[in-house]
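This briefing goes through one protein model, topic by topic. Keep the sequence and the structure in view while reading.

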Amino acid sequence: MLPLVALVGRPNVGKSTLFNALTRTRDALVHDEPGVTRDRNYGTCRLDADNPFLIVDTGGIAGEEEGLAGATARQSRAAAAEADLILFVVDGREGPSALDDEILAWLRKLSRPTMLLINKADGVEANGMRADFAHYGFGEMLAVSAAHRQGLDDLVEEVLERLPEEGTTETLDDDPERIRIAFVGRPNVGKSTLVNRLLGEERMIASDVPGTTRDSIAVDLERDDRKYRLIDTAGLRRRSRVDEAVEKFSVFKTMQSIEQTQVAVLMLDASEGVTDQDATVLGAVLDAGKALVIALNKWDGRSDYEREQAETLLSLKFPFVPWAEAVRISAVHGTGMRELFAAIHRAHASATKEFSTAEVNKALEVAVESNPPPSVRGHVSKLRYVHPGGSNPPTFIVHGTRLKELPDSYKRYLENFFRKRFKLVGTPVSFLFREGA
Ligand code: GDP
Ligand code: GDP
């Protein structure tokens with residue numbers, strides 16, 4: 001499981017600048033999908049590609065305690081309390097303030113591993129800044145410039161040194177025959193009901209997979225002669241470990257399980273429709289670039305009218321993931337399971353499909369022939385060739401000239417063309433464009 005690092009600090013010290021610098025997504029791997037409510041306050045740092053970790057930007061720790069701001073503050077505190085490491089960010093130019101002192105007092109009470117991070121150390125002598133914060137009592141005080149991306153590699157190195165060992169390097173052993181699935185979704189959509197049903201119904205031996213860490217847990221499942229590994233779902237944890245009352249929705253835990261999965265099954269409650277929390281979980285799946293199946297649960301006992309409403313809501317709220325299959329299930333009655341697993345297989349097969357350079361070039365040729373790139377301000381992009389750039393999600397690297405002028409609508413056309421031609425469903429598809437012949 002990926003460890004969690006929380007950025008804590010008063011407003012304007014540069015937390016979000018730092019957050020963006022640490023989590024910038026590689027190339028255009030995950031292009032922004034319009035319409036996803038994305039709480040952009042959590043992400044994955046991959047500056048050290050072998051040792052990713054999650055980061056949460058906790059805005060508003062010391063904010064007003066009323067209304068929305070109060071809710072944000074509570075969430076931030078919860079995130080900090082869950083973190084493996086807290087980065088206490090301060091502004092080196094302004095020096096310590098009363099608000100910093102308050103946050104420090106709160107952090108001491110929290111007593112999580114904490115590092116002091118002095119930001120805005122660009123063009124200013126760092127030792128003077130350190131002297132200003134010496135009385136805070138942190139042994140080491142790292143100085144960085146988030147805006148100028150200075151000191152970030154050292155920062156990541158320091159962070160990794162302080163994170164729990166097992167969290168950083170371990171991955172579940174890879175059995176290519178076993179599809180890794182995570183059932184994700186907000187509380188009460190029916191995750192544990194479904195998981196328990198799957199485990200019970202198939203009479204498999206639910207064994208904790210050895211080598212998993214801390215509160216992560218995975219269970220192997222066999223069904224119709226196919227093998228699966230269910231990754232760290234609330235359902236699994238609830239059965240065997242945590243007291244139900246204690247279990248609470250955590251987008252970070254969800255992200256941790258998504259990171260380890262191949263196919264995420266986003267469960268929705270058909271009796272309640274699509275909520276913002278559902279969209280947040282969806283955003284986490286899309287951020288991770290994982291294959292996705294949408295399961296509309298509690299389909300039992302719905303009137304025709306309610307079913308129609310659920311369908312409409314789904315198509316209204318998730319129009320930007322038209323590639324994801326939605327299946328209607330009832331975890332309680334066990335209906336829709338065959339369809340669910342068929343969709344999981346299609347998504348998995350699409351996400352892991354291998355392509356030859358010849359077949360993708362043929363596809364590009366046909367795509368361009370039947371619909372050439374449009375002229376933009378008198379210039380026309382030229383798409384010369386393409387090669388496969390990996391799977392999970394399937395990635396295509398297109399080389400050519402004047403690619404900056406290629407309109408988004410044309411990129412979508414290419415994506416749709418490739419999807420159709422190679423029957424890619426249930427997975428995001430990534431196109432990277434490289435200038436040059
Ligand atoms: P947050 O409220 O803590 O999230 O702070 P922001 O990231 O929004 O930054 C507040 C202001 O400080 C913005 O105007 C940033 O441009 C500026 N800032 C952030 N990092 C640095 C830095 O490393 N050096 C300097 N000089 N300014 C910075
Ligand atoms: P979780 O928090 O996502 O793990 O949700 P639970 O599995 O604990 O389910 C929450 C509630 O929804 C429980 O009362 C379940 O009995 C109920 N529930 C789950 N699946 C279904 C279903 O398919 N149909 C109906 N009618 N209720 C369901």
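This is a predicted model: local features need pLDDT of at least 70, side-chain atom pairs count only at pLDDT 80 or more; totals for chains, interfaces and linings use all residues.

Which residue in β16 is the bridge partner of Lys 382? The partner is Thr 401.

- Three strands make up an open sheet with mixed pairing, in the order β15-β16-β17.
- At the edges are β15 (382-388) and β17 (430-435), each of which pairs on one side only.
- From one strand to the next, the twist averages 25°.
- Strands β15 and β16 (residues 395-401) run antiparallel and are joined by 6 bridges.
- Helix α13 (residues 357-370) packs on this sheet and touches β15 and β16. The direction of α13 makes about 150° with that of β15.

**The loop between β15 and β16**

- Pro 393 lies in the loop between β15 and β16.
- The peptide bond that joins Asn 392 and Pro 393 is cis, with omega about 5°.

- Helix α14 (residues 408-421) has 14 residues, so at 1.5 Å a residue it should span 20 Å.
- Just after α14 comes Lys 423, with a positive phi of about 50°. Lys 423 is in the loop between α14 and β17.
- Lys 423 counts as exposed because 10 other C-beta atoms lie within 10 Å, and the cut-off for exposed is 12 or fewer.

**Another positive phi**

- Arg 377 is a residue other than glycine with a positive phi, near 45°.
- Arg 377 is found in the loop between β13 (375-376) and β14 (379-380).
- Arg 377 has 5 C-beta neighbours inside 10 Å and therefore counts as exposed.

**Around ligand 1**

- Ligand 1 is surrounded by 15 residues, of which Gly 14, Lys 15, Ser 16, Thr 17 and Ala 147 are the closest.
- Helix α1 (residues 15-23) gives the most to this shell, with 3 residues.
- The shell around ligand 1 has 4 nonpolar, 8 polar and 3 charged residues.

**Around ligand 2**

- There are 17 residues around ligand 2, and those that come nearest are Gly 190, Lys 191, Ser 192, Thr 193 and Ala 331.
- Helices α7 (191-201) and α8 (234-240) each supply at least two residues of this shell. Helix α7 gives the most, with 3 residues.
- By class, the shell around ligand 2 has 5 nonpolar, 9 polar and 3 charged residues.

Conventions:
Residues are numbered from 1 along each chain as its sequence is written. Chains are lettered from A and ligands numbered from 1 in the order in which they are written. Helices (H or I, at least four residues) and strands (E, at least two) are DSSP runs, numbered from the N terminus. The expected span of a helix is 1.5 Å times one less than its number of residues. A residue is near a molecule or strand if its C-beta atom, placed from the backbone, lies within 6 Å of it. Ala, Val, Leu, Ile, Met, Phe, Trp, Tyr, Cys and Pro count as nonpolar, Asp, Glu, Lys and Arg as charged, and the others, Gly among them, as polar. Two strands pair if DSSP finds at least two bridges between them. Axes are lines fitted to C-alpha atoms, for helices over the stretch in contact, and angles run from 0 to 180 degrees between N-to-C directions. Two residues are in contact if their C-beta atoms, placed from the backbone, lie within 7 Å. A residue is buried if 20 or more other C-beta atoms lie within 10 Å of its own, exposed if 12 or fewer, and partly exposed in between; C-beta atoms are placed from the backbone.
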